[in-house]
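Take a look at the model below before reading on. The notes after it are a quick tour for someone seeing it for the first time.

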Amino acid sequence: MMSLIIGFGVVLILVIVFMIFRITNLVNLVKGDREKADSGNGIHAFLFMAFMILSLIGFFWYSYAHFEKYVLPVASEHGVVTDHLFWITMVICVVAFTIIFIVMFWFTYKYQYQEGRKASYTVDNHKLEILWTLVPAVVMALLIFRGLRTWNEITGPASKEAIVIELVGQQFSWMARYPGPTDQELGKFDFRLIDATNEFGLDLTDKNSFDDFKSLELHLPVGKEVLLKIRAKDVLHSVFLPHFRVKMDAVPGMLTTFKFVATKTTQQMRDETGNPNFNYEMACTEICGKGHFSMRFPVVVDDEETYNKWVASQEAWLKANPDYLKRVPENLRELALIKAGLTPDNGSGQHEELQTVSNR
Amino acid sequence: MATADIKVHTDAHHDDHEHDHEHHGNFWTNYIFCQDHKVIAKQFLITGMAWALIGGILSVIFRLQLGFPEASLEWLRPILGGWITPEGKIDSEFYLALVTMHGTIMVFFVLTAGLSGTFSNFLIPLQVGARDMASGFMNMLSYWFFFLSSAFMFTSLFISTGPAGGGWTVYPPLSALPQAIQGSGLGMTLWLISMALFIVSTLLGGINYITTIINMRTQGMSFTRMPLTIWAFFFTAVIGLLSFPVLFGAALLLIFDRSFGTSFFLSDIYIAGEALPHVGGSPILFQHLFWFLGHPEVYIVLLPALGITSEIIATNSRKPIFGYKAMVGSMLFIAILSFVVWAHHMFVTGMNPFLGSIFTLLTLIIAVPSAVKIFNYVTTLWQGNLRFTSGMLFSIGLVSFFLTGGITGLFLGNSAVDIQLHDTYFVVAHFHLVMGSASFFGMIAGIYHWFPKFFGRMMDERLGGIHFWLTFVGVYMVFFPMHYIGIAGFPRRYYSWTNFEAFSSFTDLNMLVSIAAIITLGAQFIFLFNFFYSIWRGRLAPPNPWGATTLEWTTPRHPQHGNWPGEIPAVYRWAYDYSKPGAKEDYIPQTIPYSETPESNLPHENELVKLEMGNSGAIVAGDKKH
């Protein structure tokens with residue numbers, strides 16, 4: 001009933017608006033059209049001017065007053081550089097934008113129609129045209145120069161000492177794999193070996209895989225170069241670490257990398273932002289399906305000591321899943337037991353017992 | 001022959017001439033399977049408007065979710081049915097389908113077919129002085145392939161698994177695997193069929209536009225005398241002809257991957273508990289193929305709008321367009337460069353970083369001709385005598401959007417800065433302003449400006465003004481705040497941001513954006529009313545309501561098939577003789593020879609007078625042969 005009344009009301013209002021439209025139309029027809037057109041012209045010119053002034057005030061006010069709100073604190077070495085470039089570009093853009101914006105709307109106001117005035121017959125002006133082609137070209141050249149230098153540094157090869165961490169995206173979560181402390185090398189993987197337990201598809205014929213461990217948090221040491229090796233299991237995903245200015249797609253069938261140095265620990269960031277609950281986060285920025293928006297991965301930046309302790313405290317994947325020892329070739333089992341931190345006494349053949357111990 | 005004509009003509013000239021092109025026939029041949037370019041243009045226009053409405057409504061639905069995440073959308077259940085979850089929210093998978101369909105519809109169906117299809121078809125023969133397109137039959141096919149394509153896409157909105165949901169860029173593997181998202185089942189199949197048909201339509205149209213412009217210009221209409229609209233349509237058609245086939249190829253390979261087990265784009269995939277047999281493909285390959293069309297597509301959408309506004313701004317400033325040659329030159333430069341910048345969409349996809357450097361360089365170069373165009377528009381306004389007709393208002397709006405949205409391209413085109421901004425709301429703000437809103441304004445401006453030629457009546461200027469201000473301010477309120485949201489790192493295509501601490505702010509701005517989006521959509525109904533009311537009840541249009549110089553205004557109020565009842569007029573001058581010093585009126589139509597305007601001729605034009613005398617003799621002789 002209520003919606004019927006509302007519907008009726010809406011129809012009534014529309015009919016009234018339509019009637020007003022018809023009547024003013026007829027009145028204008030009687031009065032003649034020219035007068036009306038001229039007055040409308042002045043109104044539009046005035047509105048353009050008002051729009052220009054109000055929108056510029058709104059733009060500068062919001063950008064200044066809410067600066068803290070939209071600028072993310074930066075916590076990586078290259079992030080400082082790209083942010084710098086961002087702000088250089090911003091200054092250039094805002095200056096150019098403001099000048100053109102003001103000039104354009106000022107022209108619309110100043111040169112609004114006046115009976116009897118004749119527009120100037122300006123066809124072109126080569127000097128002016130060359131000037132405003134060259135100026136943007138030079139500015140672009142500077143931006144390109146700065147940008148490419150930064151880009152080459154960011155995408156250049158990582159140093160040998162870089163800590164390698166593997167990130168794997170899947171619908172709809174992330175996993176991290178760290179090389180074990182004994183060999184510092186990630187083991188090989190193959191997507192055909194993936195199953196419900198072996199989520200990484202670890203190739204256990206490779207001895208480097210024995211001490212690799214899985215983490216559901218990304219732990220990073222502060223001040224050390226980290227090389228992310230990124231891959232995806234099912235569809236495209238994208239690693240996005242907003243505070244570190246890091247973004248790289250995770251592509252099934254293709255390994256991608258990103259190297260960076262975190263400069264602030266989580267604790268330092270908490271102190272700096274004054275937010276005791278601050279946490280770094282990682283998000284997915286490539287559309288990947290229903291749960292795209294929920295692929296949050298916690299990130300922790302520790303000082304080196306804490307980080308090393310954390311690494312030492314992690315359990316090798318093989319230790320957590322001793323069933324998979326049988327995938328290890330006979331001649332490597334001994335090594336696997338040692339690297340994974342399993343007691344050799346409990347060797348292969350006693351999986352059940354081991355499993356109960358480690359799954360406790 | 002006139003006796004066979006069932007229509008009553010009020011046009012007195014009409015019966016005076018021989019009717020080579022008189023149209024007979026019934027409703028079906030006149031309005032449905034018609035080969036007349038003006039009718040086909042109207043068909044594209046109406047279909048495009050219908051799509052725009054659908055695309056706009058879809059965007060408002062997902063803006064409701066983003067702006068009012070707590071609100072119950074139970075009231076949408078009668079329309080959306082199972083896509084509303086039991087809690088009264090939009091299903092998060094359907095949200096992606098909405099985003100995907102909004103993008104696809106707006107980019108292809110509204111701003112490619114609706115814009116190019118309408119105005120290229122309508123204006124090319126009228127402005128170059130041709131009876132019709134080079135091939136009326138192909139032109140008709142072009143519309144009906146588009147219609148068929150529309151039918152497939154429209155159908156996909158109603159199937160139980162939902163329409164395609166992998167984003168309008170349909171990146172595989174998401175778009176190739178129904179296990180990954182429901183929309184990649186039948187919805188994606190329909191999407192691909194629809195796009196294949198769409199490409200056929202675009203190619204049929206494009207070949208026609210190019211042929212007509214090159215071969216069918218009237219006497220005296222040299223390339224340098226063509227209005228900028230025609231130049232823009234010409235470049236657009238060339239770009240489309242060269243780039244759409246690549247998308248066709250990509251779509252075909254994707255069909256193979258989806259249905260026939262090939263591995264062009266798929267490799268190393270473990271999904272839904274099994275490892276798929278695909279090995280050796282590359283998802284990046286698809287992205288290269290897609291953006292090889294996708295980036296030129298931006299200019300396919302934008303150039304016609306720029307052409308339309310060049311014409312409208314010059315006419316209503318009562319001034320020649322500033323730097324005609326620079327305008328043509330920058331469009332040509334943009335058209336060429338548009339083919340070599342595609343990979344700036346892919347800086348962080350894992351493509352070789354060296355490619356990133358090259359594409360940064362090429363991308364930022366394209367800013368130069370774009371800047372030149374803006375400067376030329378602004379200088380055209382300088383010392384003009386501006387009449388703010390609705391078309392002019394929307395044209396100025398376009399320049400404003402082109403500036404606001406274009407300048408942020410300097411951030412995104414620079415690979416190092418793009419790392420942070422890629423796939424955030426900053427990108428959404430950028431392309432919606434520079435390509436979406438600017439082109440949409442170009443389309444609306446064109447409708448207001450050429451409505452008198454379309455339907456022989458005028459649209460209401462006051463409603464046009466209200467429509468403009470609500471839409472202009474509304475669009476800025478929708479897209480400007482997104483820059484802040486994007487700088488803060490908010491990723492696009494997110495159903496909700498509450499999972500993240502970093503993205504938990506800006507509920508206020510998101511609400512503002514959504515409210516502005518609703519108002520902006522609402523304002524379009526003023527336009528729709530104005531449009532349909534004026535078709536039947538608008539003021540009768542005078543022959544040349546805007547005092548424009550171009551050829552279309554020399555046709556009768558309702559041009560019949562063949563456009564000009566008599567001979568096709570010859571052209572003697574460029575299209576921008578507005579406010580020429582010494583001239584009696586503030587415009588001189590292209591059909592007036594220099595010999596008739598000795599008072600306003602420039603020195604070099606006086607020399608052309610002699611040539612003209614020779615030429616006009618030739619025209620008469622030439623015409624007698626027919």
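A few ground rules come first. This is a predicted model, in which local features need pLDDT of at least 70 and side-chain atom pairs count only at pLDDT 80 or more, while totals for chains, interfaces and linings use all residues. Residues are numbered from 1 along each chain as its sequence is written, chains are lettered from A and ligands numbered from 1 in the order in which they are written, and side-chain values use heavy atoms, with hydrogens and water left out.

**Chain B by itself**

Chain B has 18 helices and two strands; helices (H or I, at least four residues) and strands (E, at least two) are DSSP runs, numbered from the N terminus. With a radius of gyration of 25 Å, close to the 25 Å from the globule rule for 626 residues, chain B is as compact as a globular protein of that length. That radius is taken over C-alpha atoms, and the rule is 2.2 Å times the number of residues to the power 0.38. The C-alpha trace of chain B spans about 80 × 50 × 45 Å along its principal axes.

Of the 626 residues in chain B, 67% count as buried (buried is under 20% relative accessible area, exposed over 50%, partly exposed in between, with a 1.4 Å probe and protein chains only). Now for contacts, meaning heavy atoms within 4.5 Å: among those in chain B between residues at least 6 apart in sequence, 77% join residues at least 24 apart.

B:Ile193 is partly exposed, at 33% relative accessibility. The C-alpha atoms of B:Ile193 and B:Phe152 are 7.3 Å apart, though 41 residues separate the two along the chain.

**Where the chains meet**

How many residues of chain B are in contact with chain A? There are 125, and they touch 108 residues of chain A. Together the chains bury about 10100 Å², 69% of it on carbon and sulfur atoms; this is the accessible area (1.4 Å probe) that two parts lose on being put together, summed over both.

Between chain B and chain A there are 36 residue pairs in polar contact, both at pLDDT 80 or more. A polar contact is a pair of N or O atoms within 3.5 Å; within protein, one must be able to donate a hydrogen and the other to accept it, and residues adjacent in sequence count only if both atoms are side-chain atoms.

**Salt bridges**

Over all chains, the structure holds 24 salt bridges, each a side-chain nitrogen of Lys or Arg within 4 Å of a carboxyl oxygen of Asp or Glu. Three of them are between chain B and chain A. Here are some examples:

| Pair | Closest N and O atoms |
|---|---|
| A:Arg192 and A:Asp190 | 3.1 Å |
| A:Asp195 and A:Arg327 | 3.5 Å |
| A:Arg296 and B:Glu501 | 3.6 Å |

A:Asp195 and A:Arg327 link distant parts of the chain, 132 residues apart. A:Arg327 is partly exposed, with a relative accessible area of 40%. A:Arg296 lies in the loop between β9 (280–284) and β10 (297–302) of chain A and B:Glu501 in the loop between α16 and α17 (507–537) of chain B, so this pair joins two chains.
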